[in-house]
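Here is a brief report on helix packing. Please look over the model first.

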Amino acid sequence: MSAAQARSTKLEELIRKDPGQFRVLTGDRPTGQLHLGHYFGTLHNRVRLQDLGVEMFVIIADFQVLTDRDLADNLTGHVEELVLDYLAIGVDPARSTIFTHSAVPALNQLLLPFLSLVSTAELSRNPTVKDEIAHSRQSSVSGLMFTYPAHQAADILFCKANLVPVGQDQLPHLELTRTIARRFNDRYGAGTAVFPQPDALLSSAPLLLGTDGTKMSKSRGNAITLAVGADESARLIKGAKTDSERHITYDPATRPEVSSLLLLAALCQNRTPEEVAADIGSAGAAALKKTVTEAVNEYLAPIRARRTEYAQDRAYLRQILREGNERARAVADATLAEVRTAMNSHY
């Protein structure tokens, strides 16, 4: 981890000096609306990198919904909701390519040669895969779950992304992507690198707990989504778990629920959690929740307004996807042609 953090610090310096040398791949599975954990964890960082001038590819990984679900329920609706969230927070489709997995055949075709470069043992011992299997909703795990890391490598390498913003838990996935790129180059590259070995840009994003005190998650119903209104946000925050101690302090180790609420207010107000706690003092949990509600609703007001405006024009959302899919297909087709040439499989 220390090496990855040091490398990320260096990468941030390089991005500021020459953002044009980087291409980022990032994205989400369309399983529901995005929430504040997503926003402060990854979404605002995408906009930051985009605005710095980094080339962005944002994948809506619709095929990967099936990794831990028997059915891709309401897929079209979930895809459009993701596009709405992206536009609302400031992702610019003129500067960031937004596209869907299923619309880029050449990307998915890379999965086959990539799978030949890794062993079943390497796939099955991937920590993220093991965790996903443990929390899977399926009665039995499909083969797609085991191919997930290689599929993610195809997502990253189809556009030759050299930078991937990740959290600490995603480092094993990216390391496997680097392994696949290296092995392909060694086996087929004939002295030239067909694929880059992408770097991890480690996120310093804080961990926000859900309203029940557990990990904030779309599936657990404990998240404040970007789409909900001010009244619903207030209701959710009012019901958030705290503790019995009246004096409000920021102490993540012993008071995780209170500290998560303080952190949320601090992020929205561009302050420290300690400063927010000092303002509340001994006023108790009710005052804490009032502070958080006001901070969240003020921060999200312009995002919600933009989202409501974009939601009036569903045809525009589909146009963004069509144009993004077209750009992604052109890139993927060129990459697959290189792969075929390297593998001597042009017929």
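## Basis

This is a predicted model.

## Helix α10 against α13

Helix α10 spans residues 230–238, and helix α13 spans residues 284–311. Their axes come within 10 Å. The crossing angle is roughly 150 degrees. Angles over 145 degrees count as roughly antiparallel, so α10 and α13 are roughly antiparallel to each other. The crossing of α10 past α13 is right-handed.

On the α10 side, the contact uses A230, S233, A234, I237 and K238. On the α13 side, K289, V292, T293, V296, N297 and R304 take part. By class, the residues of this α10–α13 contact split into five nonpolar, three polar and three charged.

## Helix α3 against α13

Helix α3 covers residues 75–89. The axes of α3 and α13 come within 8 Å. They cross at roughly 130 degrees, which makes α3 oblique to α13. Here too the topic is handedness: α3 passes α13 in a right-handed crossing.

Which residues of α3 meet α13? They are E81, L84, D85, L87, A88 and I89. Their partners in α13 are I303, R306, R307, Y310 and A311. The α3–α13 contact residues comprise seven nonpolar and four charged, with no polar ones.

## Summary

Helix α13 is in contact with α10 and meets α3. The α10 pairing is roughly antiparallel. The α3 pairing is oblique. Polar residues number three in the contact of α10 with α13, whereas the contact of α3 with α13 has no polar residues.

Note on methods
Residues numbered from 1 in each chain as written. Predicted model: local features only at pLDDT ≥ 70, side-chain atom pairs only at ≥ 80, totals over all residues. Heavy atoms only, no water. Axes fitted to C-alpha atoms, helices over the stretch in contact; angles between N-to-C directions. Helix = DSSP H or I, 4+ residues; strand = E, 2+ residues; numbered from the N terminus. Parallel < 35°, antiparallel > 145°, perpendicular 65-115°, else oblique. Left-handed = near helix turned anticlockwise from the far one by under 90°. Contact = heavy atoms within 4.5 Å. Nonpolar A, V, L, I, M, F, W, Y, C, P; charged D, E, K, R; others polar.
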